[in-house]
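Welcome! Let us take a walk through this structure together, one piece at a time.

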Amino acid sequence: MMQRLVDNAIAVTKESVKTVTYESLNNIVRLINGVSALLLALLPGKANILEGIHGWELRPTFRGPRFPRWMENGVSSFNQLIHELSVDSDTEGSSIDYEEEYSDDDMSPASPCSQSSRVSRSSSIPKERTGWMWISYIFYWILFPARFVLGLPGLLCRSSNERSTPPSPGGSQFSRRSSSLNKVQFLKDHIIQRTTDRRRGVIEDLHLAIEIFIEAVFDLVHKAAHFVLHPLYALRTLFGLFSSDSNRFQDTYDSASEATVPTATLGDDYPAPTETTDRNTSFQALNTDARTCQDVITELGYPYEAIHVITSDGYVLHLERIPRRDSRKAVYLQHGILDSSMGWVSNGVVGSPAFAAYDQGYDVFLGNFRGLVSREHVDKSISSRQYWQYSINEHGTQDIPAMIEKIHQIKTAELKLSQPDIEEETNGDQPYKLCAVCHSLGGAAILMYVVTQRIEEKPHRLSRLILLSPAGFHEDSSFMFSVVEYSFHLLTPLLQPLVPGIYIPTRFFRMLLNKLARDFHNYPAVGGLVQTLMSYFVGGDSSNWVGVLGIPHYNMNDMPGVSFLVALHLAQMKRSKRFRMFDYGRASANMEVYGSPEPLDLGEYYGLIDIPVDLVAGRKDKIIRPSMVKKHYKVMKDAGVNASYNVFEYAHLDFTFSHREELLAYVMSRLLLVEPPSKQSSPKGLKMKKKGQQVNS
């Protein structure tokens with residue numbers, strides 16, 4: 001009677017404490033969200049900034065458009081899952097209705113490479129119970145470590161009780177236990193695979209931490225009360241701790257070793273599940289997005305290949321590929337500043353340029369510039385200061401040449417192997433056509449690459465350039481960029497030794513950024529306020545800046561950064577009003593690199609560009625305004641380049657991170673116009689010195 005009374009009192013107290021803490025935290029969050037809404041209402045120009053974000057839909061997850069009916073049976077279950085999760089989050093905020101989401105009627109047939117689809121169709125649990133069972137198992141596995149540690153006293157108590165009773169037959173006991181473990185493990189794997197994209201924000205982590213802490217404290221209180229009310233039980237437990245029975249322990253160990261726990265419960269018709277790395281396991285434990293570009297590509301059912309490229313100055317680059325080895329047309333996609341190859345695949349099957357090009361028969365190569373936090377270099381002991389000593393010069397004269405030469409080596413070798421008579425057909429010319437699609441900084445780097453290759457009388461191996469809002473000319477920009485440009489030139493002597501690179505240095509703060517992006521989605525007023533302030537900072541550009549923060553290339557393991565010299569190079573371009581190479585600050589240093597006291601003006605050499613160039617601008621782009629893209633076009637036309645110019649109603653990040661059917665159609669139409677490369681003859685007398693090492697300014 002007394003035990004029941006104490007248990008009821010503890011349970012009521014525990015729930016009361018939970019309610020008070022939960023409501024207190026929720027009230028604080030509501031207050032922050034409300035204040036954000038008031039501030040957002042006072043800010044001017046928010047309507048234009050939030051116009052492209054439907055309902056302040058700040059998504060940190062991958063999200064494609066709603067699938068048309070003709071594609072419902074053709075998409076992979078991974079992309080369908082992401083779509084379902086995004087729709088659920090629209091209607092129910094941060095909650096997940098597993099009963100609705102996992103209905104078998106709503107699932108489309110899976111692609112051959114989708115492991116999660118095979119598991120999802122193997123469930124036979126009644127529909128009316130699956131929702132609550134999955135939720136309970138989710139919390140069971142989240143709280144398992146704490147329950148295990150706090151349950152050790154009870155486990156010792158039960159073991160002491162078993163000493164006084166004869167052991168039951170082991171076979172049936174372990175068979176029942178194995179069957180139960182199989183069922184639990186199956187549901188665990190099922191849930192992990194179906195909720196990999198589901199991430200917790202900081203507020204959700206606080207809720208979970210509070211619950212675990214309260215449960216742990218009251219579990220200790222409950223056990224202490226149990227020992228106080230049952231002193232004989234407590235003495236017997238303490239006696240059992242000091243007693244030794246090695247034979248009994250050995251028998252128990254042998255029996256437990258015979259009970260195998262499978263890692264998956266797939267049938268014989270399904271292949272073994274892929275291994276999970278420790279990195280991904282840690283990400284799942286922290287509920288952050290662990291997916292890499294490889295994960296996205298392979299889960300969608302596409303082939304994948306990773307290629308490591310080493311530049312002449314020792315940087316290790318990551319060139320990724322969606323291979324069509326026998327294709328004689330290839331496309332090279334190059335990202336912009338603070339971006340990676342993830343931008344070209346972040347919109348799923350029907351909204352990503354990389355998948356669209358592959359579906360059109362292209363061999364797709366995804367380039368990645370130097371500048372990751374992981375600092376991959378042949379010199380493993382390279383310091384942070386040494387690693388970040390590069391400007392846009394190195395992107396255009398080191399990174400892109402190394403990746404394109406690697407593409408040339410791979411394509412030539414593969415085509416010779418699959419088509420032995422290809423040399424006779426092409427008369428010794430390049431046996432494939434390579435087109436480049438570049439965004440922002442990638443556009444400036446590819447132009448620098450083509451011009452410098454032509455000056456140095458080297459083949460650039462490209463057949464067409466499609467440049468989406470390319471950098472290079474920046475004099476027409478917002479007041480904020482003018483302030484930043486002035487500050488860079490003023491503070492360069494002070495900042496350059498102290499801040500060689502601009503990035504988030506620690507894993508904790510990178511994880512915090514990833515989780516805050518989720519909170520900005522869960523609390524629309526806060527997200528809208530942050531989106532508006534970030535838009536103000538970049539001159540009013542209405543890109544989904546907050547949503548991009550949640551893309552998986554910004555994760556706790558690694559993320560793209562930007563060198564201080566790259567930012568300084570952009571500031572130099574803005575001040576000089578010319579598209580030119582990096583100014584080292586001394587005539588002698590410039591003379592050593594360029595052969596002249598002034599940096600090379602790339603616009604003056606646009607006449608060397610011997611391939612078609614398609615320039616695309618965004619009317620809402622405030623980072624690189626349409627007038628600056630049009631300046632590229634005018635200089636090219638004056639130099640006799642075969643160039644075209646087009647404008648869309650896009651902001652700066654819409655070219656890669658937003659699903660734009662009109663843009664995809666345009667890019668694919670330009671790719672289909674690729675012609676065989678013409679013979680590249682370089683004018684004599686123009687020779688740029690090869691740069692061996694970075695010259696310190």
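Which residues are buried in helix 21? They are Arg510, Met511, Leu513, Asn514, Lys515, Ala517, Arg518, Asp519, Phe520, His521 and Asn522. Here buried means under 20% relative accessible area, with exposed over 50% and partly exposed in between (1.4 Å probe, protein chains only). Helices (H or I, at least four residues) and strands (E, at least two) are DSSP runs, numbered from the N terminus.

Before we go on, a word about the model. It is predicted: local features need pLDDT of at least 70, side-chain atom pairs count only at pLDDT 80 or more, and totals for chains, interfaces and linings use all residues. Residues are numbered from 1 along each chain as its sequence is written, and side-chain values use heavy atoms, leaving out hydrogens and water.

Now for the overall view. The protein chain holds 28 helices and ten strands, and 50% of its 697 residues count as buried. Contact means heavy atoms within 4.5 Å. Among contacts in the protein chain between residues at least 6 apart in sequence, 79% join residues at least 24 apart.

Back to helix 21, which covers residues 507-522. Its end C-alpha atoms lie 23 Å apart, in agreement with the 22 Å that its 16 residues should span at 1.5 Å a residue; the expected span is 1.5 Å times one less than the number of residues. Helix 10 (residues 202-229) packs against helix 21 at an angle of about 100°, and their axes are 7 Å apart. Axes are lines fitted to C-alpha atoms, for helices over the stretch in contact, and angles run from 0 to 180 degrees between N-to-C directions. The two helices are therefore roughly perpendicular to each other, a label for angles of 65 to 115 degrees. On the helix 10 side, the contact is made by Val202, Ile203, Glu204 and Asp205. Helix 21 brings Leu512, Lys515, Leu516, Arg518, Asp519 and Asn522.

Next comes helix 19 (residues 441-455), whose 15 residues reach 21 Å from first C-alpha to last, close to the 21 Å expected. This helix is mostly covered, with 15 of its 15 residues buried. Just after helix 19, Glu457 takes a positive phi of about 60°.

What about the cysteines? With a disulfide taken as a pair of cysteine sulfur atoms within 2.5 Å, the count comes to zero. Cys435 is in no disulfide, and the nearest cysteine sulfur, that of Cys438, is 8.7 Å away. Cys435 counts as buried, at 1% relative accessibility.

Conventions:
Angles under 35 degrees count as roughly parallel, over 145 as roughly antiparallel, 65 to 115 as roughly perpendicular and the rest as oblique.
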